[in-house]
Every structure is written in C-alpha cells, then in structure tokens.
Amino acid sequence: MRDIIIIVVLWAIVFIIAFVIIPALRNHLDSGRALHDYDFAFNTMLVKMVLKKFNCKYRIENEKDHNGVLYHYDYQTGHFCIRVEKGTPYIRLTFPFFFSVSLDHIALVRSLSNQCSFSSETCRIVYTLNTDQNFVDMHIVSGLLLTVKNAVEILEREMLDMFRWQNTFVKRFRELEKDSQGAEQKDFETNSAEWGRELFLLHEQEMMHQKSGPSWRGEVDTKITIDKLLNTLFGVKQFEPVSLKLSVNTQPLDDTKKIYNYDVSSLLIENGKQIREEASMELQYVDLNGPFNRTMEFYLNSEKTTGRTVYYRITMTLIPLSVNHHIPVGSELTKSKVVSILAAYDLTCPKERLAEFHLMWEDALQKRKRGQEKEMTEEQKLMCESSQPKLAYLLFRGKRLFLNHCFYEALQYLLDAFNYEQSVYEELKPAEKNLFYEVCYLIGFCYCELNLYRLAYYYLDIVFPLHRVTYTEELVNSLVNGHDFRAISFIDGLLENVENNIAVNGQEDIAASSFINFLKRRKAYVYIDLQHYDEAESLLKKMLDDPDNTDFAIGELAYLQKIKEGEK
C-alpha cells in the first residue's frame, strides 16, 4: 500500500511540474519582456531548446566578425540554418540552396522570386549567382521573433511553409521553363499577363483577397513623397497634415508643406548612400472628405543595394476608425488597410540615362540593318518602330521601367508617348498603329498594378477590338479586380464567343483552352467576391476534372469551406 501511495505522489509531482510549473515558468519568462530583452543570450537559449525538442543535431559556426552565430541542422528532407545575431531581437531562418538552375534563366528566376515573395506571409525567396559554375542558387529566408511559449510552434510552422514554397516555386518554374522552350522567342507581355492572372494560384490554403502593391522608384531628381503615397495608393487626394513623427528624430514635423513634400527615402538614404537599415514614421492628418482624423503608420526597411540602385520596402498601415454615430458598422473607415511596396532609389542622373538611350538606339539600328532582330532587347524592339528620337526615348525609358516592374515611373513616359501618338493617329502607318496599341496595353497594365482599375479600363478598352489574348485578359483583370458589376456578363460573353469559334473550327487548340481556363478561374473569383458561394462551389467542382484547374479549385473549395464554417 505504501508503494502505491509513493507512486501516486510521484505521478502527481510529475503532473504538476509538466502542466503547471513549466507553463507558468514559460509565461513568466515571456510576460513583461520588452523587445530589447530578446538579446543574443536569450535567443541562443531558445534556439538550442527548440532544436533539442525537434531531436535535431546541429553544427555551430561562429561568424568572422563575431557579430552572429550560425546553427546548421537537418529537418525532415531539408537542410536549414538559423542565424542568431547580436543587437537584434530577431533570428533569421534560412532554407539555403533549395533549388539551382542555369544562369540563362536569371530573368525567369528574378520574376518568379518576386511574385512568390510578395504572396507569402513571412518567407522571402532570394537568389545568389554562382558565376564560376554558371548557376543561380535559390534560398528561402525568414525573420522570426521567438518566445518561450511559442518558439517550437513558430519554427515548425515556418519550416513547413518553406517546404510548401519550395514545391510551389519548383513546380511553377518547370511550367514556365517548358512554355519558354516551346516558344520561338520570349514574350515578356505574355509572361506578365500570365502572372497577373495566375498570381492567386500561389495563395495559401486560405486565399487572401487583397490588392497587390506597385513597385516604386525614386532618384536624385524625383522624390517619393507623403503626398504621392497617400494620393496614389490610398486614394486620399485632399488631406491636411497635422504632424509627422519620425523614429530618427525626437521632434515631430508640423509644417504642412514640409510634410506634403517629405521624401520618405531620406530616412534610409542620404547623399546617395544608405545610412540605416530601418526606420518608421507616424502621420496624423485630417481626411477632408469626412472630415476625419486619421493615423497612418509607415515602416521602412532596406532590401539590397547594387552599384546603380538602392532598394527598400515601404509598409503602410492605415489605422481604422471606431464605430460611432457618424461611422456605421461595416464602413470602409472601420477597416484596417495595409499596403507594402518595394521602392528603389536610382543613383544615375538624367544625362547618364540619355547617353544610355543613344547607345542602345544606335546598337538597335545596327542590328536591324544586319538582320539581327532576335538579338534585340525588348526596349530596342519597341523603340526601333519609331522614327522620332523623342518618342523613341519615351518608349525606351517606359519599357525599361515596365520590365523592371517600376509601373508608376513607367507611366510618366508611356503617357507622354500615348499623348503624342494619339494627336497624330490618323497619320500613323499600320506598324506605328500597332506600336500605339502596345503603348495602350502597357499603360493599362501599369494602372492595374497600381490598383487604379477605372483608368486601366479606359486604355485596355482601346485595344479590346484587336482580340489579342493578352490584351483581353488584362481587360478582364481590370474588371474583376476593380469589382466592376459588368465582370460576370463580360466573362460569359467571352466564353460564349470562344465556344462558338471552337464549334465552327471543330477543335480546341492550346491557346483557346488556356484562355477558357483563365476565364473560369476569374469567374469563380468574382462569385466568391460577390459572396455567391453556391454558384462558386458548383463551378469549382466542375473545374476539379480539369488538370490545369485542379490545384486552383481545391484551394478555393477549401477557402469556401472555411467561410461556411465561420458562418455557423
């Protein structure tokens, strides 16, 4: 009997330690802990604890500058690396060398990395160049803040997410690589349109219906200002600044003109050099459409720097307002809005860019004379269609910025080209009219990327009668993403026309099949957006039988199921 009592007591002690004392100790370690308390020693302890929990054997590597320590370990089928750095509360988790391809595919890798990184929650896909072996090596990185309470859960979730993005990236790369091999020449417009319509295929199981942000660019003679950000990204055209608090300055700005014209890049860049890694701002202003007092938070962090460009990210959060007598429940004013954009600061001056243009134009003309059109860049092909030097320069700069996903800056040049060509439209030759139509398409594409869908529709409607697939798909995107009430009827009309053409021709080619699949996906998106869940479910179940739409349909059906569970 005595032995039984001892055993019971021991089990009770074990239970208390496991389920009471240890959780309480963890909560005690986390409670009241400020961000600066997550120092090097604390993070080192957490990392070792988690790796022991996963039964992972690790190898420690001390960095040469003694500013950080690397933990190398294997988890499931992947090799990972955790960097614990002095002076920061965050650790960096890396899934290195998850994929390698020939350096010939650098353009595809760059575009695909940007799209995946923009769609992911915390993972960022980056690449390094191995020029000795002519390879591009791919890596997935993520910055994490670990606590005693959730360190195991966070790290496990992040590693599984990295595996998922590895599969997504490799699968999508193989598809695009196969498509590019079957084409006679690479068509950037086609690739861009395909990404514009299929980006949502990369969403996580819970599809997030949110608008994408644009790429922005600043330079020595062009600034990205507070006024420009609010006007373009949030549609705030009339506002009265109250104050601007800067993390790098204890004294806030209260001068209205200075706040309007404040160059946000100056927080990170000074005299063409990066002076800090991150910074933040808080803007208090009055939205004169209400009027309402609003608060917007800005967070800036550096990305990378090249010899000609400094890249940094701007994340803006518009703080929602509380419901009151003037603001009803469900109002847009009560919803938080977050926009994150990649910005770039060009270090080159206008004279250098003009000299580059003349060099490129002369090279293009020589290649045309020698019959080497296939060796021309996309900008050269476009600018060679123009006999006017000024127009050629506008097209050169516009297309260059467009190809670099600098859509806002590209508009400045493309709109000038449009205005000139429109004024002499009747005098244009057939080849010059095709050039005009391409400019319309590029402008419409840029406006779509900036979420200005009504403006996009105006320019894309000009080229709709040409019945080019890429032009039509971008027009559909402008209607769908802009929540236009005509979207469903417009898509149905296109589906009917394509099906009639197939009936007349007696067969369905690859292009027609791809276009039909695109229209069905967009139609399903509209149904979900309009909360017509029964119609969406019916359409998605039919799409399950199509291999090209299976993954999309499964993801959307899972999303619908989660919505229905939330409504119960």
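Modeller: A nonpolar core is a set of buried Ala, Val, Leu, Ile, Met, Phe, Trp, Tyr and Cys residues joined through side-chain atoms within 4.5 Å. Buried means under 20% relative accessible area, exposed over 50%, and partly exposed in between, with a 1.4 Å probe and protein chains only. Please keep in mind that this is a predicted model, where local features need pLDDT of at least 70 and side-chain atom pairs count only at pLDDT 80 or more, while totals for chains, interfaces and linings use all residues. Residues are numbered from 1 along each chain as its sequence is written, and side-chain values use heavy atoms, with hydrogens and water left out.

Colleague: Which residues touch the most other members of the largest nonpolar core?
Modeller: They are F402, I443, V476, L519 and L540, in a core of 70 residues. Helix α12 (residues 430-449) gives the most to this core, with 12 residues. Helices here are DSSP runs of H or I with at least four residues, numbered from the N terminus. Apart from that core lies another, of 41 residues, including F80 and F173.

Colleague: What is I443 in contact with, leaving aside its neighbours within four places in sequence?
Modeller: Its partners are L411, L414, L415, F418 and Y459. Contact means heavy atoms within 4.5 Å.

Colleague: Why is N549 called buried?
Modeller: Its relative accessibility is 0%, and the cut-off is under 20%, so N549 counts as buried. N549 lies in the loop between α17 (533-543) and α18 (550-567).

Colleague: What makes the pair N549 and N517 a polar contact?
Modeller: Their side chains come to 3.0 Å. A polar contact is a pair of N or O atoms within 3.5 Å; within protein, one must be able to donate a hydrogen and the other to accept it, and residues adjacent in sequence count only if both atoms are side-chain atoms.

Colleague: Why is helix α6 called largely enclosed?
Modeller: Because 7 of the 9 residues of α6 (residues 226-234) are buried. Among them are I226, K228 and F234.

Colleague: How do you know that the buried residues of α13 line one face?
Modeller: In α13 (residues 453-463), the buried residues are Y453, A456, Y459, L460 and V463. Seen down the axis, they fall within an arc of 130°, so they line one face of the helix. That arc is of the directions from the helix axis to the C-beta atoms. These residues pack against α11 (407-423), α12 and α14 (469-481).

Technical notes:
Helix = DSSP H or I, 4+ residues; strand = E, 2+ residues; numbered from the N terminus.
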